[in-house]
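I opened my notebook for a new structure today. My plan is to look things up one at a time and jot down what I find.

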Amino acid sequence: DPSAKRLQGLREACARLGLAGEGAARDSFCPLLVTRAAEDWAKSGEGPEGVSEPALPALFGSILVDAPCSGLGTLARRPEIRLRRSPEELRALADTQRRILDAVWLKLRPGGRLVYLTCTVNPAENEGQIAAFAASRPDAVKREEFRTPFSSPLREFFYGALLEKLE
């Protein structure tokens with residue numbers, strides 16, 4: 001999440017629920033993705049502001065990526081988004097999503113599964129993003145894909161894909 005405020009709320013919720021142990025959200029990728037590009041962390045072995053990477057399992061069996069996105073699937077509730085999103089911003093978001101996918105894929109064990117979610121209808125952030133990622137990774141297989149049907153009465157649209165890392 002690009003919002004430090006929302007991530008602080010996530011950290012507080014994890015602590016309140018007793019999820020502060022190894023691998024909990026507050027100790028894993030939250031500071032990594034907000035403060036520093038994930039690939040920089042992976043290369044340098046240092047965390048945000050020079051802090052060493054938190055103690056985490058070497059590899060995870062499951063990873064959920066709730067990707068920062070344009071939010072174009074929530075226009076019924078937030079119509080002003082249409083006016084705020086530029087083509088340049090959409091391209092930048094797609095690039096950020098790709099960097100996140102590349103970084104977390106390194107932390108997924110062979111045989112592990114990655115779920116990728118967005119709240120947009122933009123194919124470049126959804127189907128196109130996953131197709132390009134899977135095509136660039138011989139060890140990535142798309143197992144399932146979901147889109148909220150356009151007939152959804154709530155007029156809220158989401159996308160999800162399940163990827164598996166081959167052994």
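**Entry 1: the core.** I'm working with a predicted model, and I began with its largest nonpolar core, which has 17 residues. Ile 63, Val 65, Trp 105, Leu 114, Tyr 116 and Ile 130 are the members that touch the most others. I then checked which elements give two or more residues to this core, and I got strand 1, helix 5, strand 2, helix 6 and strand 4. Helix 5 provides the largest share, with 4 residues.

**Entry 2: Trp 105.** I picked Trp 105 and listed what it touches, skipping residues up to four places away in sequence. I found Leu 114, Phe 133, Arg 137, Asp 139, Ala 140, Leu 163, Glu 164 and Lys 165.

Entry 3: In what order do the strands of the open sheet come? I read it as 1-2-4-3, with 4 strands and mixed pairing. Strand 1 (60-66) and strand 3 are the edges, since each pairs on one side only. On average, neighbouring strands here are turned by 15° against each other, if I ignore direction. I also looked at helix 5 (residues 87-105), and it packs on this sheet, touching strand 1, strand 2, strand 3 and strand 4. The direction of helix 5 makes about 155° with that of strand 2.

**Entry 4: strand 4.** Next I zoomed in on strand 4, residues 159-165. Is this strand mostly covered or mostly open? It is mostly covered: 7 of its 7 residues are buried. In a regular strand the side chains alternate between the two faces of the sheet, and I wanted to see that here. Tyr 159, Ala 161, Leu 163 and Lys 165 point one way, while Gly 160, Leu 162 and Glu 164 point the other. Both sets are buried.

I followed the pairing on each partner strand too. Strand 2 (residues 108-118) runs antiparallel to strand 4, with 6 bridges between them. Tyr 116 has Ala 161 as its bridge partner in strand 4, and Arg 113 stands opposite Glu 164. Strand 3 (residues 140-147) also pairs with strand 4 in the antiparallel sense, over 7 bridges. There I noted Glu 144 with Leu 162 as its bridge partner.

**Entry 5: helix 6.** Which residues of helix 6 (residues 127-136) are buried? I got Gln 129, Ile 130 and Phe 133. They sit on the same side of helix 6, because they cover an arc of only 90° around the axis. These buried residues pack against helix 5, strand 2, strand 3 and strand 4.

**Entry 6: a loop residue.** I clicked on Asn 122, which lies in the loop between strand 2 and helix 6. Is Asn 122 buried or exposed? Asn 122 counts as buried, because its relative accessibility is 14% and the cut-off is under 20%. Apart from neighbours within four places in sequence, Asn 122 is in contact with Ser 70, Leu 72 and Leu 90.

**Entry 7: confidence.** Last, I checked the pLDDT. The chain averages 79, and 74% of the residues score at least 70. Residues 21-42 fall below 50, and this stretch has 55 contacts in the model beyond near neighbours in sequence. Residues 45-55 are also below 50, with 20 such contacts.

How values were computed
Residues numbered from 1 in each chain as written. Predicted model: local features only at pLDDT ≥ 70, side-chain atom pairs only at ≥ 80, totals over all residues. Heavy atoms only, no water. Buried < 20%, exposed > 50% of the residue type's maximum accessible area, 1.4 Å probe, protein only. Pairing = 2+ DSSP bridges. Axes fitted to C-alpha atoms, helices over the stretch in contact; angles between N-to-C directions. Contact = heavy atoms within 4.5 Å. Arc of directions from axis to C-beta. pLDDT = per-residue confidence, 0-100. Core = buried A, V, L, I, M, F, W, Y, C linked by side-chain atoms within 4.5 Å.
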